Amino acid sequence: MKKVEDYFVPWVKGIPMYISGHIELAWRKPELHRMMSNENPNPPSEKVLETIIKYAKMANRYPDQGLVVRGKIAEINGLEGADNVLLGNGSSEVYDNIFRIFLAPGEEVIQQTPCFGIYKLRGTILGGKMVSVPMIYKDKKILYDADGILKAITDKTKIIVVANPNNPTGNFMDAKDFVRIAETGIPFIVDEAYVEYAGLGMSQVNLTKKYKNVLVTRTLSKSYGLAGMRFGYALGDKEVIGQIAGALLPWNVGTIPMWAALAAFEDTEALAYRVKFNNSEVDFISEALSDVPGLVVFPSKANYILFDCGATGKKGKEMVAYAEEKGIILRPESEKYGSDGWFRITIGTKEENRMVIDVIREFLTKKK
Ligand SMILES: Cc1ncc(COP(=O)(O)O)c(C=O)c1O
């Protein structure tokens, strides 16, 4: 008799269970300061909380297809209607649903690295092959490499995914490069998880009207501050969205997140407050650390800042370990571009941000 392991599809064999260690740690030790997962330090607004409670009382009922909130999302983004919008349990689920429609085992997904890790997780689960095109690091600047993406295309390329702005680098790709990639006709996912921090004027959503192959993904986990609620969406052509929706798990988004999301979209004041708070703290931290010798601070249009401390003689991982001793969880980054000095911080509360500045300066300026 064969063992059950012999029945696993070959491409999932040996894939470890996804565990985000630092998030596990933060929930176990609430006294630690969570400055690692690009969460919002502000709790949900009163209006959102009231809606959560209102709909929690109706949790005995199945949710509908979210026509009201989808209509609202379409309206905010200048799209025709609810049929242009697909909902997911966070945008991570939205990629999964998109990937399922386009990708078969052995086919390729192009991503621009460094980038969000879930593209790879979802692509690999489907038997896809990730083709990573690195961004260019030159003169202390990190730049998108659209030429590199175009060159990496083969007849097996089924998806191209680019974040706008990118995590962890915090920058935007040039609008003309989005058009060049859209023109290939290959399904092109533009991940706009953080776009509200710079404003919807930076969104590439208008491309979805001209190019059926372009899909824009968004989330309420970042500027709206609802990461634990799990609500994400995709914007695109009706027919394409309809086809992807065909693969959705029925009731993939619950009643409470759908109506709370609507409340969040309507509470424009709460969003404006969170965006303003974040952007002024990004400026404050970037400025405060700009004079640490050997530290490269990357300009960010999101709720995190990337650093390279390689030239200080310290390693990024040592910086992260030191901060943890001081009660702050930061995000380590892999070695790249010949430097092991990378780390990323997420904007915290005012108090946390002042604390992290002191801890970073203290560690990076102290003699070994
Ligand atoms: C670029 C990017 N996209 C998407 C997400 C995930 O969003 P969600 O919480 O909606 O799954 C993240 C989270 O860190 C991210 O950095």
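Predicted model: local features only at pLDDT ≥ 70, side-chain atom pairs only at ≥ 80, totals over all residues.

Visitor: Okay, so at what angle do α12 and α13 cross?

Guide: Roughly 130°, with the axes of α12 (residues 316-325) and α13 (residues 350-365) coming within 10 Å. Angles from 65 to 115 degrees count as roughly perpendicular and those over 145 as roughly antiparallel, so α12 is oblique to α13.

Visitor: Is that crossing left-handed or right-handed?

Guide: The crossing of α12 and α13 is right-handed.

Visitor: And which residues meet there?

Guide: From α12 you have E318, M319, Y322 and A323, and they meet V359, I360, E362, F363 and L364 of α13.

Visitor: Switching to the sheet: what's the strand order?

Guide: It's an open, mixed sheet of 7 strands, ordered β2-β10-β9-β8-β7-β3-β4. β2 (85-88) and β4 (129-134) are at the edges with a single partner strand each, so one side of each has no neighbour in the sheet. The twist averages 25° from one strand to the next.

Visitor: How do β8 and β9 pair?

Guide: In the parallel sense, over 4 bridges. F188 has V214 in β9 as its bridge partner.

Visitor: What about nonpolar cores, how many residues are in the largest?

Guide: The largest has 56 residues, and F188 is among those with the most contacts inside it, as are V69 and I73. Helix α10 (residues 255-266) gives the most to this core, 7 residues. A second, separate core has 24 residues, including Y322, V359 and I360.

Conventions
Residues numbered from 1 in each chain as written. Heavy atoms only, no water. Pairing = 2+ DSSP bridges. Helix = DSSP H or I, 4+ residues; strand = E, 2+ residues; numbered from the N terminus. Axes fitted to C-alpha atoms, helices over the stretch in contact; angles between N-to-C directions. Core = buried A, V, L, I, M, F, W, Y, C linked by side-chain atoms within 4.5 Å. Buried < 20%, exposed > 50% of the residue type's maximum accessible area, 1.4 Å probe, protein only. Parallel < 35°, antiparallel > 145°, perpendicular 65-115°, else oblique. Left-handed = near helix turned anticlockwise from the far one by under 90°. Contact = heavy atoms within 4.5 Å.
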